[in-house]
Amino acid sequence: FFLVRELFGRSIALVSAALYAVEPIAIGFDRIAKEDSLVLFFFLLTNFLWIRGQTLAERGIERWPRYAFGAGVAFAALMASKYYPHLLAVTAAYYNIYEYVPQRNWRIGGRRWFLFCVVMAVAFVVLNPTIVLPDTWHEMLKFSSENRIGHDGYEFMGELYTHKATAWLSGIPWTFYYVFIAVKTSLPVLVLFLIGLPMMFLKRLGDGRFFIFFWAFMWFVPFSVLGGKFTRYFTLAEPLILITAATGFYFSVKWLSSKLKLANSVAVVLQTTLFVGLVGVSFLNSVSSGPHYRMFTNILGGGTPAAGSYFPHDEFYDASTRAVIRTLSNIAHQNATVACETPGLFKYYAGKAARSDLNFVSLSDDQEIGKLSQNDFVVLVKGRRYFSNDAYHQMLLNVKPSDEIKIANTTAATIFKLDETTLAKLKEIANRN
(Lines give C-alpha, C1' and ligand atoms only; values in the text may rest on other atoms or scores of the structure.)
Protein backbone atom coordinates (compact mmCIF):
# COMPACT_ATOMS: atom_id res chain seq x y z
CA PHE A 1 0.00 0.00 0.00
CA PHE A 2 2.70 2.51 1.00
CA LEU A 3 4.78 1.93 -2.14
CA VAL A 4 1.85 2.16 -4.55
CA ARG A 5 0.55 5.22 -2.72
CA GLU A 6 3.83 6.96 -3.49
CA LEU A 7 3.59 5.90 -7.14
CA PHE A 8 -0.10 6.29 -8.02
CA GLY A 9 -2.02 7.62 -5.02
CA ARG A 10 -4.20 6.13 -2.30
CA SER A 11 -7.05 4.76 -4.42
CA ILE A 12 -4.95 2.44 -6.59
CA ALA A 13 -2.82 1.60 -3.54
CA LEU A 14 -5.86 0.51 -1.54
CA VAL A 15 -7.23 -1.71 -4.33
CA SER A 16 -3.88 -3.38 -5.06
CA ALA A 17 -3.13 -3.99 -1.36
CA ALA A 18 -6.61 -5.40 -0.75
CA LEU A 19 -6.25 -7.77 -3.71
CA TYR A 20 -2.87 -8.96 -2.47
CA ALA A 21 -4.43 -9.73 0.92
CA VAL A 22 -7.10 -12.05 -0.51
CA GLU A 23 -5.94 -13.33 -3.93
CA PRO A 24 -5.49 -17.14 -3.58
CA ILE A 25 -2.15 -17.42 -5.36
CA ALA A 26 -0.62 -14.56 -3.35
CA ILE A 27 -1.67 -16.39 -0.17
CA GLY A 28 -0.42 -19.69 -1.55
CA PHE A 29 3.07 -18.34 -2.20
CA ASP A 30 3.47 -17.13 1.37
CA ARG A 31 2.33 -20.46 2.82
CA ILE A 32 5.33 -22.19 1.19
CA ALA A 33 7.55 -20.42 3.75
CA LYS A 34 10.40 -19.96 1.28
CA GLU A 35 12.76 -17.01 0.95
CA ASP A 36 10.81 -15.51 -1.97
CA SER A 37 8.29 -13.89 0.41
CA LEU A 38 11.12 -12.18 2.29
CA VAL A 39 12.62 -10.97 -0.98
CA LEU A 40 9.30 -9.41 -1.96
CA PHE A 41 8.84 -7.75 1.43
CA PHE A 42 12.29 -6.17 1.43
CA PHE A 43 12.02 -5.22 -2.26
CA LEU A 44 8.80 -3.32 -1.53
CA LEU A 45 10.34 -1.76 1.58
CA THR A 46 13.49 -0.73 -0.30
CA ASN A 47 11.59 1.06 -2.99
CA PHE A 48 9.01 2.60 -0.68
CA LEU A 49 11.84 4.23 1.29
CA TRP A 50 13.65 5.21 -1.92
CA ILE A 51 10.62 6.85 -3.55
CA ARG A 52 9.49 8.37 -0.25
CA GLY A 53 12.89 10.04 -0.15
CA GLN A 54 12.21 11.43 -3.63
CA THR A 55 8.85 12.84 -2.49
CA LEU A 56 10.36 14.54 0.56
CA ALA A 57 13.28 15.89 -1.47
CA GLU A 58 10.93 17.52 -3.98
CA ARG A 59 9.01 19.08 -1.08
CA GLY A 60 12.23 20.59 0.22
CA ILE A 61 12.39 18.49 3.40
CA GLU A 62 16.07 18.18 4.31
CA ARG A 63 15.91 14.82 6.08
CA TRP A 64 15.14 12.95 2.84
CA PRO A 65 18.63 11.30 2.58
CA ARG A 66 17.76 9.19 5.64
CA TYR A 67 15.19 7.39 3.53
CA ALA A 68 17.79 6.69 0.84
CA PHE A 69 20.14 5.14 3.39
CA GLY A 70 17.22 3.22 4.89
CA ALA A 71 16.57 1.84 1.40
CA GLY A 72 20.19 0.62 1.38
CA VAL A 73 19.63 -1.29 4.63
CA ALA A 74 16.39 -2.76 3.30
CA PHE A 75 18.11 -3.92 0.12
CA ALA A 76 20.85 -5.51 2.24
CA ALA A 77 18.08 -7.47 3.99
CA LEU A 78 16.76 -8.49 0.56
CA MET A 79 20.21 -9.78 -0.39
CA ALA A 80 20.52 -11.59 2.93
CA SER A 81 17.26 -13.35 2.07
CA LYS A 82 18.24 -14.34 -1.47
CA TYR A 83 21.11 -13.24 -3.68
CA TYR A 84 19.27 -11.12 -6.24
CA PRO A 85 21.69 -8.21 -6.83
CA HIS A 86 20.10 -7.43 -10.21
CA LEU A 87 17.02 -6.07 -8.43
CA LEU A 88 19.04 -3.02 -7.39
CA ALA A 89 18.92 -2.05 -11.07
CA VAL A 90 15.19 -1.33 -10.68
CA THR A 91 15.87 1.21 -7.93
CA ALA A 92 18.87 2.76 -9.70
CA ALA A 93 17.11 2.94 -13.08
CA TYR A 94 14.15 4.77 -11.56
CA TYR A 95 16.53 7.36 -10.12
CA ASN A 96 18.54 7.70 -13.33
CA ILE A 97 15.54 8.69 -15.45
CA TYR A 98 15.52 11.93 -13.43
CA GLU A 99 19.25 12.52 -13.76
CA TYR A 100 18.89 15.21 -16.41
CA VAL A 101 15.66 16.78 -15.21
CA PRO A 102 16.34 20.45 -14.39
CA GLN A 103 15.19 22.17 -11.22
CA ARG A 104 14.90 19.11 -9.06
CA ASN A 105 15.96 18.55 -5.47
CA TRP A 106 16.29 14.75 -5.60
CA ARG A 107 20.02 14.50 -6.26
CA ILE A 108 22.00 11.66 -4.73
CA GLY A 109 25.43 12.74 -5.94
CA GLY A 110 28.70 10.81 -5.84
CA ARG A 111 29.27 11.17 -2.09
CA ARG A 112 25.80 9.96 -1.16
CA TRP A 113 26.04 7.06 -3.62
CA PHE A 114 29.28 6.02 -1.94
CA LEU A 115 27.70 6.22 1.52
CA PHE A 116 24.66 4.34 0.23
CA CYS A 117 26.88 1.46 -0.93
CA VAL A 118 28.83 1.46 2.35
CA VAL A 119 25.66 1.37 4.45
CA MET A 120 24.26 -1.41 2.27
CA ALA A 121 27.49 -3.47 2.46
CA VAL A 122 27.80 -3.16 6.24
CA ALA A 123 24.13 -4.04 6.77
CA PHE A 124 24.50 -7.03 4.44
CA VAL A 125 27.41 -8.48 6.44
CA VAL A 126 25.61 -7.85 9.75
CA LEU A 127 22.44 -9.57 8.50
CA ASN A 128 24.29 -12.31 6.61
CA PRO A 129 27.57 -12.96 8.51
CA THR A 130 28.08 -16.39 6.95
CA ILE A 131 29.05 -14.62 3.71
CA VAL A 132 32.58 -14.27 5.13
CA LEU A 133 32.99 -18.05 5.53
CA PRO A 134 34.86 -19.94 2.75
CA ASP A 135 32.38 -22.82 2.95
CA THR A 136 29.57 -20.44 1.99
CA TRP A 137 31.36 -19.50 -1.23
CA HIS A 138 32.15 -23.15 -1.89
CA GLU A 139 28.44 -24.05 -1.64
CA MET A 140 27.49 -21.04 -3.78
CA LEU A 141 29.85 -22.20 -6.52
CA LYS A 142 28.40 -25.71 -6.36
CA PHE A 143 24.88 -24.31 -6.61
CA SER A 144 25.67 -21.93 -9.48
CA SER A 145 27.32 -24.78 -11.40
CA GLU A 146 24.01 -26.69 -11.06
CA ASN A 147 25.63 -29.55 -9.13
CA ARG A 148 23.07 -29.25 -6.32
CA ILE A 149 19.98 -29.91 -8.45
CA GLY A 150 18.17 -32.93 -7.05
CA HIS A 151 15.76 -33.42 -9.94
CA ASP A 152 16.37 -33.74 -13.67
CA GLY A 153 12.99 -32.56 -14.93
CA TYR A 154 9.86 -30.53 -14.28
CA GLU A 155 6.34 -31.48 -15.33
CA PHE A 156 4.45 -28.65 -17.02
CA MET A 157 0.99 -29.28 -18.51
CA GLY A 158 1.63 -33.03 -18.62
CA GLU A 159 5.02 -32.82 -20.36
CA LEU A 160 8.48 -33.25 -18.85
CA TYR A 161 11.10 -30.57 -19.49
CA THR A 162 14.76 -30.18 -18.61
CA HIS A 163 14.96 -28.19 -15.40
CA LYS A 164 18.25 -26.31 -15.57
CA ALA A 165 18.63 -22.55 -15.76
CA THR A 166 21.39 -22.87 -18.36
CA ALA A 167 19.12 -24.89 -20.65
CA TRP A 168 17.65 -21.49 -21.58
CA LEU A 169 14.85 -21.81 -24.13
CA SER A 170 15.49 -25.57 -24.42
CA GLY A 171 14.30 -26.00 -20.85
CA ILE A 172 10.88 -25.14 -19.45
CA PRO A 173 9.01 -23.12 -22.12
CA TRP A 174 9.12 -19.32 -22.03
CA THR A 175 5.30 -19.36 -21.85
CA PHE A 176 5.42 -20.90 -18.35
CA TYR A 177 4.67 -17.76 -16.31
CA TYR A 178 2.24 -16.35 -18.86
CA VAL A 179 0.18 -19.54 -18.65
CA PHE A 180 0.42 -19.23 -14.87
CA ILE A 181 -1.04 -15.71 -14.98
CA ALA A 182 -3.82 -16.83 -17.31
CA VAL A 183 -5.03 -19.84 -15.30
CA LYS A 184 -4.15 -18.94 -11.70
CA THR A 185 -5.49 -15.39 -11.44
CA SER A 186 -9.06 -14.73 -10.33
CA LEU A 187 -11.04 -14.00 -13.50
CA PRO A 188 -12.18 -10.43 -12.61
CA VAL A 189 -8.60 -9.55 -11.63
CA LEU A 190 -7.33 -11.01 -14.91
CA VAL A 191 -9.83 -8.97 -16.93
CA LEU A 192 -8.91 -5.79 -15.05
CA PHE A 193 -5.22 -6.56 -15.58
CA LEU A 194 -5.81 -6.63 -19.34
CA ILE A 195 -7.71 -3.34 -19.08
CA GLY A 196 -5.02 -1.76 -16.91
CA LEU A 197 -2.08 -2.85 -19.07
CA PRO A 198 -2.50 -0.14 -21.75
CA MET A 199 -3.37 2.35 -18.99
CA MET A 200 0.19 1.96 -17.68
CA PHE A 201 1.43 3.80 -20.76
CA LEU A 202 -0.73 6.89 -20.18
CA LYS A 203 1.12 10.05 -19.15
CA ARG A 204 -1.65 11.02 -16.78
CA LEU A 205 -0.68 8.06 -14.59
CA GLY A 206 2.51 9.95 -13.74
CA ASP A 207 6.15 9.00 -13.51
CA GLY A 208 5.45 6.08 -11.18
CA ARG A 209 4.71 3.96 -14.24
CA PHE A 210 8.42 3.98 -15.10
CA PHE A 211 9.15 2.14 -11.85
CA ILE A 212 6.60 -0.51 -12.86
CA PHE A 213 8.25 -0.80 -16.30
CA PHE A 214 11.71 -1.35 -14.78
CA TRP A 215 10.34 -3.85 -12.25
CA ALA A 216 8.55 -5.82 -14.96
CA PHE A 217 11.55 -5.75 -17.28
CA MET A 218 14.02 -6.95 -14.64
CA TRP A 219 11.74 -9.84 -13.70
CA PHE A 220 10.02 -11.04 -16.87
CA VAL A 221 12.97 -10.87 -19.27
CA PRO A 222 15.41 -13.10 -17.34
CA PHE A 223 12.79 -15.46 -15.93
CA SER A 224 11.18 -15.99 -19.32
CA VAL A 225 14.38 -17.20 -20.99
CA LEU A 226 15.95 -19.16 -18.13
CA GLY A 227 15.40 -22.90 -18.51
CA GLY A 228 14.77 -23.60 -14.82
CA LYS A 229 11.54 -22.29 -13.35
CA PHE A 230 9.32 -22.70 -10.29
CA THR A 231 6.00 -20.90 -9.84
CA ARG A 232 7.13 -19.58 -6.45
CA TYR A 233 9.65 -17.37 -8.24
CA PHE A 234 6.58 -15.47 -9.42
CA THR A 235 6.11 -14.21 -5.84
CA LEU A 236 8.12 -11.11 -6.76
CA ALA A 237 6.04 -10.45 -9.90
CA GLU A 238 2.56 -11.13 -8.48
CA PRO A 239 2.16 -7.53 -7.20
CA LEU A 240 2.71 -6.29 -10.76
CA ILE A 241 -0.42 -8.13 -11.86
CA LEU A 242 -2.45 -6.77 -8.96
CA ILE A 243 -1.17 -3.18 -9.27
CA THR A 244 -2.02 -3.21 -12.98
CA ALA A 245 -5.46 -4.70 -12.23
CA ALA A 246 -6.01 -2.02 -9.58
CA THR A 247 -5.13 0.62 -12.17
CA GLY A 248 -7.64 -0.93 -14.58
CA PHE A 249 -10.28 -0.92 -11.84
CA TYR A 250 -9.60 2.72 -10.93
CA PHE A 251 -9.94 4.03 -14.47
CA SER A 252 -12.89 1.75 -15.23
CA VAL A 253 -15.01 2.92 -12.30
CA LYS A 254 -14.11 6.55 -13.01
CA TRP A 255 -15.20 6.11 -16.63
CA LEU A 256 -18.41 4.35 -15.58
CA SER A 257 -19.26 7.05 -13.02
CA SER A 258 -18.78 9.84 -15.57
CA LYS A 259 -20.63 7.91 -18.29
CA LEU A 260 -23.65 7.47 -16.01
CA LYS A 261 -23.37 11.14 -14.91
CA LEU A 262 -23.86 10.19 -11.27
CA ALA A 263 -23.88 12.59 -8.40
CA ASN A 264 -20.79 12.41 -6.20
CA SER A 265 -22.54 10.61 -3.35
CA VAL A 266 -24.07 8.04 -5.71
CA ALA A 267 -20.73 7.57 -7.50
CA VAL A 268 -19.03 6.84 -4.17
CA VAL A 269 -21.65 4.19 -3.36
CA LEU A 270 -21.20 2.59 -6.80
CA GLN A 271 -17.40 2.62 -6.58
CA THR A 272 -17.45 1.17 -3.07
CA THR A 273 -19.87 -1.56 -4.13
CA LEU A 274 -17.71 -2.51 -7.11
CA PHE A 275 -14.59 -2.51 -4.93
CA VAL A 276 -16.19 -4.79 -2.34
CA GLY A 277 -17.44 -7.06 -5.13
CA LEU A 278 -13.98 -7.31 -6.73
CA VAL A 279 -12.24 -8.10 -3.46
CA GLY A 280 -15.09 -10.42 -2.49
CA VAL A 281 -14.63 -12.60 -5.58
CA SER A 282 -10.93 -13.11 -4.80
CA PHE A 283 -11.76 -13.73 -1.16
CA LEU A 284 -14.35 -16.40 -2.06
CA ASN A 285 -11.86 -18.02 -4.44
CA SER A 286 -9.39 -18.25 -1.57
CA VAL A 287 -11.98 -19.65 0.83
CA SER A 288 -13.06 -22.27 -1.71
CA SER A 289 -9.50 -23.37 -2.47
CA GLY A 290 -8.07 -23.16 1.06
CA PRO A 291 -6.02 -24.48 2.68
CA HIS A 292 -4.50 -25.63 -0.65
CA TYR A 293 -4.48 -22.17 -2.23
CA ARG A 294 -1.98 -23.08 -4.94
CA MET A 295 -4.51 -25.51 -6.35
CA PHE A 296 -6.81 -22.64 -7.35
CA THR A 297 -7.50 -22.66 -11.09
CA ASN A 298 -9.86 -20.22 -12.74
CA ILE A 299 -12.56 -21.05 -15.29
CA LEU A 300 -10.25 -20.13 -18.16
CA GLY A 301 -7.88 -22.86 -16.97
CA GLY A 302 -10.64 -25.43 -16.53
CA GLY A 303 -11.65 -24.66 -12.95
CA THR A 304 -11.41 -27.11 -10.05
CA PRO A 305 -11.38 -30.26 -12.25
CA ALA A 306 -8.15 -29.02 -13.88
CA ALA A 307 -6.40 -28.24 -10.59
CA GLY A 308 -3.00 -29.89 -10.38
CA SER A 309 -2.68 -30.47 -14.11
CA TYR A 310 -0.64 -27.41 -15.04
CA PHE A 311 2.17 -27.15 -12.47
CA PRO A 312 1.80 -30.28 -10.30
CA HIS A 313 5.10 -29.88 -8.47
CA ASP A 314 4.21 -26.39 -7.26
CA GLU A 315 0.49 -26.99 -6.90
CA PHE A 316 0.71 -30.06 -4.65
CA TYR A 317 4.07 -29.32 -3.05
CA ASP A 318 4.10 -32.71 -1.25
CA ALA A 319 0.87 -31.83 0.58
CA SER A 320 -0.17 -35.49 0.52
CA THR A 321 2.83 -36.86 2.45
CA ARG A 322 1.25 -37.06 5.89
CA ALA A 323 -1.86 -38.75 4.51
CA VAL A 324 0.28 -41.22 2.55
CA ILE A 325 2.19 -42.19 5.68
CA ARG A 326 -1.05 -42.54 7.62
CA THR A 327 -2.32 -44.99 5.00
CA LEU A 328 0.96 -46.90 4.83
CA SER A 329 1.02 -47.19 8.61
CA ASN A 330 -2.24 -49.13 8.42
CA ILE A 331 -1.41 -51.45 5.52
CA ALA A 332 2.36 -51.92 5.46
CA HIS A 333 3.93 -54.97 7.11
CA GLN A 334 6.79 -54.64 9.58
CA ASN A 335 10.06 -53.42 7.98
CA ALA A 336 8.41 -52.92 4.59
CA THR A 337 10.33 -50.96 1.97
CA VAL A 338 8.65 -48.01 0.27
CA ALA A 339 9.96 -46.51 -2.98
CA CYS A 340 9.15 -42.80 -3.34
CA GLU A 341 10.83 -39.60 -4.53
CA THR A 342 11.30 -37.94 -1.14
CA PRO A 343 12.54 -40.67 1.21
CA GLY A 344 13.82 -38.17 3.80
CA LEU A 345 10.45 -36.46 4.03
CA PHE A 346 8.60 -39.79 4.23
CA LYS A 347 10.96 -41.00 6.96
CA TYR A 348 10.26 -37.88 9.01
CA TYR A 349 6.48 -38.39 8.91
CA ALA A 350 6.85 -42.12 9.50
CA GLY A 351 8.72 -41.34 12.71
CA LYS A 352 5.88 -39.08 13.84
CA ALA A 353 3.43 -41.90 13.04
CA ALA A 354 5.43 -44.41 15.15
CA ARG A 355 6.44 -46.41 12.06
CA SER A 356 10.20 -45.95 12.17
CA ASP A 357 10.52 -49.57 11.01
CA LEU A 358 9.56 -48.60 7.46
CA ASN A 359 12.42 -48.28 4.97
CA PHE A 360 12.30 -45.60 2.28
CA VAL A 361 14.29 -45.60 -0.95
CA SER A 362 14.35 -43.31 -3.96
CA LEU A 363 12.20 -44.25 -6.92
CA SER A 364 14.93 -42.82 -9.17
CA ASP A 365 17.52 -45.24 -7.75
CA ASP A 366 17.42 -48.25 -10.08
CA GLN A 367 19.64 -50.34 -7.79
CA GLU A 368 17.24 -49.89 -4.87
CA ILE A 369 14.24 -50.68 -7.08
CA GLY A 370 15.99 -53.90 -8.06
CA LYS A 371 16.07 -54.91 -4.37
CA LEU A 372 12.32 -54.52 -3.75
CA SER A 373 10.34 -57.56 -2.69
CA GLN A 374 6.77 -58.73 -3.06
CA ASN A 375 4.38 -56.81 -0.73
CA ASP A 376 6.70 -53.78 -0.65
CA PHE A 377 5.28 -50.46 -1.86
CA VAL A 378 5.74 -47.81 -4.50
CA VAL A 379 4.23 -44.36 -4.00
CA LEU A 380 3.74 -42.03 -6.96
CA VAL A 381 3.29 -38.42 -5.89
CA LYS A 382 1.90 -35.82 -8.31
CA GLY A 383 4.62 -33.33 -9.13
CA ARG A 384 7.46 -35.78 -8.44
CA ARG A 385 7.65 -37.21 -11.94
CA TYR A 386 11.11 -36.85 -13.47
CA PHE A 387 13.03 -38.25 -16.42
CA SER A 388 14.80 -40.55 -13.93
CA ASN A 389 11.55 -42.23 -12.80
CA ASP A 390 9.23 -41.65 -15.77
CA ALA A 391 9.46 -45.26 -16.96
CA TYR A 392 8.10 -46.45 -13.60
CA HIS A 393 5.31 -43.86 -13.73
CA GLN A 394 4.27 -44.93 -17.23
CA MET A 395 4.24 -48.61 -16.31
CA LEU A 396 2.23 -48.10 -13.13
CA LEU A 397 -0.44 -46.12 -14.99
CA ASN A 398 -1.78 -49.50 -16.11
CA VAL A 399 -1.75 -51.00 -12.61
CA LYS A 400 -4.62 -50.65 -10.17
CA PRO A 401 -3.37 -48.82 -7.06
CA SER A 402 -3.92 -50.10 -3.53
CA ASP A 403 -5.01 -46.66 -2.42
CA GLU A 404 -5.29 -43.06 -3.59
CA ILE A 405 -4.75 -39.86 -1.64
CA LYS A 406 -6.78 -36.87 -2.72
CA ILE A 407 -6.13 -33.18 -2.15
CA ALA A 408 -8.99 -30.80 -2.94
CA ASN A 409 -10.84 -33.65 -4.70
CA THR A 410 -7.83 -34.26 -6.94
CA THR A 411 -5.62 -37.34 -6.80
CA ALA A 412 -2.33 -36.24 -5.26
CA ALA A 413 -0.66 -39.61 -4.67
CA THR A 414 -1.20 -43.28 -5.50
CA ILE A 415 0.04 -46.21 -3.43
CA PHE A 416 0.90 -49.54 -5.04
CA LYS A 417 1.42 -52.75 -3.10
CA LEU A 418 3.72 -54.88 -5.22
CA ASP A 419 2.46 -58.26 -6.36
CA GLU A 420 4.58 -60.73 -8.29
CA THR A 421 3.65 -59.37 -11.74
CA THR A 422 4.15 -55.68 -10.94
CA LEU A 423 7.41 -56.39 -9.12
CA ALA A 424 8.76 -58.25 -12.14
CA LYS A 425 7.94 -55.34 -14.45
CA LEU A 426 9.63 -52.87 -12.09
CA LYS A 427 12.78 -54.95 -11.93
CA GLU A 428 12.78 -55.34 -15.72
CA ILE A 429 12.79 -51.54 -16.07
CA ALA A 430 15.49 -51.20 -13.37
CA ASN A 431 17.73 -53.71 -15.14
CA ARG A 432 17.17 -52.01 -18.49
CA ASN A 433 18.10 -48.63 -17.06
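Modeller: A nonpolar core is a set of buried Ala, Val, Leu, Ile, Met, Phe, Trp, Tyr and Cys residues joined through side-chain atoms within 4.5 Å. The structure discussed here is a predicted model.

Biologist: Which residues touch the most other members of the largest nonpolar core?

Modeller: They are Phe211, Trp215 and Phe234, in a core of 86 residues. Helix H4 gives the most to this core, with 10 residues.

Biologist: With which residues is phenylalanine 234 in contact, leaving aside its neighbours within four places in sequence?

Modeller: Its contacts are Phe29, Tyr177, Phe180, Ile181, Trp219, Phe220 and Ile241.

Biologist: How far apart in space are phenylalanine 377 and leucine 242?

Modeller: Their C-alpha atoms are separated by 45 Å, and the two residues are 135 places apart in sequence.

Biologist: Let us turn to charged residues. How many salt bridges does a search of the whole structure find?

Modeller: The general idea is that side chains of opposite charge can pair when their charged atoms come close. In this structure the search finds 14 salt bridges. One of them joins glutamate 6 and arginine 52, whose closest N and O atoms are 3.2 Å apart. Glutamate 6 belongs to helix H1 (residues 2-8) and arginine 52 to helix H4 (residues 35-58), so this pair ties together parts that are 46 residues apart in sequence. Glutamate 6 counts as buried because its relative accessibility is 16%.

Biologist: Which parts of the chain does the salt bridge between glutamate 155 and arginine 385 link?

Modeller: The closest N and O atoms of that pair lie 3.3 Å apart. The bridge links distant parts of the chain, 230 residues apart: glutamate 155 is in strand S1 (residues 154-156), and arginine 385 is in the loop between strand S5 (377-381) and helix H18 (390-396). Both glutamate 155 and arginine 385 are buried.

Biologist: Are glutamate 99 and arginine 104 buried or partly exposed?

Modeller: Glutamate 99, at 30% relative accessibility, counts as partly exposed, whereas arginine 104, at 7%, counts as buried. Their side chains meet in a salt bridge of 3.9 Å, N to O.

Biologist: Which residues are linked in a network of salt bridges?

Modeller: Glu35, Asp36, Lys82 and Arg232 are linked in this way.

Biologist: What surrounds glutamate 315?

Modeller: Glutamate 315 is in helix H14 (residues 312-316) and counts as buried because its relative accessibility is 4%. Its side chain makes a polar contact of 2.5 Å with the side chain of lysine 184. A polar atom of the glutamate 315 side chain also lies 2.7 Å from the backbone nitrogen of phenylalanine 311. Not counting residues up to four places away in sequence, glutamate 315 touches Lys184, Arg294, Met295, Thr297, Ala307, Gly308, Ser309 and Tyr310.

Biologist: Finally, which residues form a nonpolar patch on the surface?

Modeller: The patch consists of Phe114, Val118, Val122, Val126 and Leu127, with about 480 Å² of accessible area together. Leucine 127 is in helix H7 (residues 109-127), and at 47% relative accessibility leucine 127 counts as partly exposed.

Notes. Residues numbered from 1 in each chain as written. Predicted model: local features only at pLDDT ≥ 70, side-chain atom pairs only at ≥ 80, totals over all residues. Heavy atoms only, no water. Patch = residues over 30% accessible without salt bridge, like charges linked within 9 Å, V, L, I, M, F, W, Y side chains within 5 Å. Areas by Shrake-Rupley, 256 points an atom, 1.4 Å probe, with all protein chains shown as cover. Salt bridge = Lys/Arg side-chain N within 4 Å of Asp/Glu carboxyl O. Helix = DSSP H or I, 4+ residues; strand = E, 2+ residues; numbered from the N terminus. Buried < 20%, exposed > 50% of the residue type's maximum accessible area, 1.4 Å probe, protein only. Polar contact = N/O pair within 3.5 Å; in protein donor to acceptor, adjacent residues only side chain to side chain. Contact = heavy atoms within 4.5 Å.
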